[in-house]
Amino acid sequence: MKFHEIVRKSRSYRRFYEDKEIPQLTLLKLVDNARLIPSAQNLQPLKYYIVEYDQRNLAFPHLKWAGYLKDWDGPIEGERPSAYIIIVSDKKISPNVMWDHGIAAQTILLGAVSKEMGGCIIRSFNSDGLASAFNISDDYKIELVVALGFPKENVIVKEIENGEDIKYYRDSEGNHYVPKRKLADIIINKCK
Ligand SMILES: Cc1cc2nc3c(=O)[nH]c(=O)nc-3n(C[C@H](O)[C@H](O)[C@H](O)COP(=O)(O)O)c2cc1C
């Protein structure tokens, strides 16, 4: 896949073929990609908890899905992620991580898409619930969760005009539309 194709395909997927497991080695490789990302002051405060297939049900109850879809409570059993990567920061290395976790999450997602998987970055979670489910000590702050699996939904990028609604939505067939601003609308200088 060409790079732009990977980025375009790297949407937020929230419904999966839950019975398709992701091998441990694949999950480790996704984290190994994240290991190499840029890091402010090269402090590298991020660490990772890999939630494998047999632990997936421990993570799910603590996550909130698709805030704009008011009549959808998240993926039903059988369509849930088959793995998660919990991105934490080590408070002893850096008490206040600014951006590294976002770069890490996207790097994990791009790696997943390059292997025909997909996922969703999740920031709305019950931190205490996740920490106690996985015995994550107070030395770590949970920054983001990346849900992973083999996508079972069609996510369509829809270019919008300035001023149009940015909220994602689904049609009656369950296709998920994600509005994106046009290239010309995000470049603030005039290109010759
Ligand atoms: C920092 C961050 C936090 C997010 N948190 C959540 C979340 O808690 N739950 C969720 O369902 N989606 C979450 N998302 C996914 C966004 O809703 C999604 O990126 C957005 O709707 C655009 O869709 P796209 O990723 O397909 O472009 C998050 C994305 C980012 C970058």
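In the predicted model, strand β6 (residues 169–170) is joined to β7 by two bridges, and the two strands run antiparallel. Within this pairing, Tyr169 stands opposite Tyr177 of β7. Five residues lie between the strands of the β6–β7 hairpin, where Gly174 adopts a positive phi near 90 degrees. Strand β7 (residues 176–181) also pairs with β5 (residues 155–160), here in the parallel sense and over six bridges; His176 of β7 is the bridge partner of Val155.

An open sheet is formed by four strands with antiparallel pairing, in the order β1-β2-β4-β3. Strands β1 (46–51) and β3 are its edges, each pairing on one side only. On average, neighbouring strands of this sheet are turned by 25 degrees against each other, direction ignored. The antiparallel pairing of β2 and β4 comprises eight bridges, and Tyr84 is placed opposite Ala147 in β4. Helix α2 (residues 24–35) packs on the sheet through contacts with β1, β2 and β4, its direction making about 165 degrees with that of β1. Helix α4 (residues 100–114) lies across β1, β2, β3 and β4 and runs at about 15 degrees to β4.

The largest nonpolar core contains 22 residues, and those with the most contacts inside it are Leu63, Trp65, Tyr84, Ile86, Leu130, Ile142 and Val145. Two or more residues of this core are contributed by each of β2 (83–90), β3 (118–122), α5 (127–133) and β4 (140–149). Residues up to four places away in sequence being excluded, Val145 touches Leu63, Tyr84, Ile85, Ile86, Cys120, Ile121, Ile122, Phe125 and Leu130. A second, separate core of 21 residues includes Ile22, Ala104, Leu148 and Phe150.

Notes:
Residues are numbered from 1 along each chain as its sequence is written. This is a predicted model: local features need pLDDT of at least 70, side-chain atom pairs count only at pLDDT 80 or more; totals for chains, interfaces and linings use all residues. Side-chain values use heavy atoms; hydrogens and water are left out. Two strands pair if DSSP finds at least two bridges between them. A nonpolar core is a set of buried Ala, Val, Leu, Ile, Met, Phe, Trp, Tyr and Cys residues joined through side-chain atoms within 4.5 Å. Buried means under 20% relative accessible area, exposed over 50%, partly exposed in between (1.4 Å probe, protein chains only). Contact means heavy atoms within 4.5 Å. Axes are lines fitted to C-alpha atoms, for helices over the stretch in contact, and angles run from 0 to 180 degrees between N-to-C directions.
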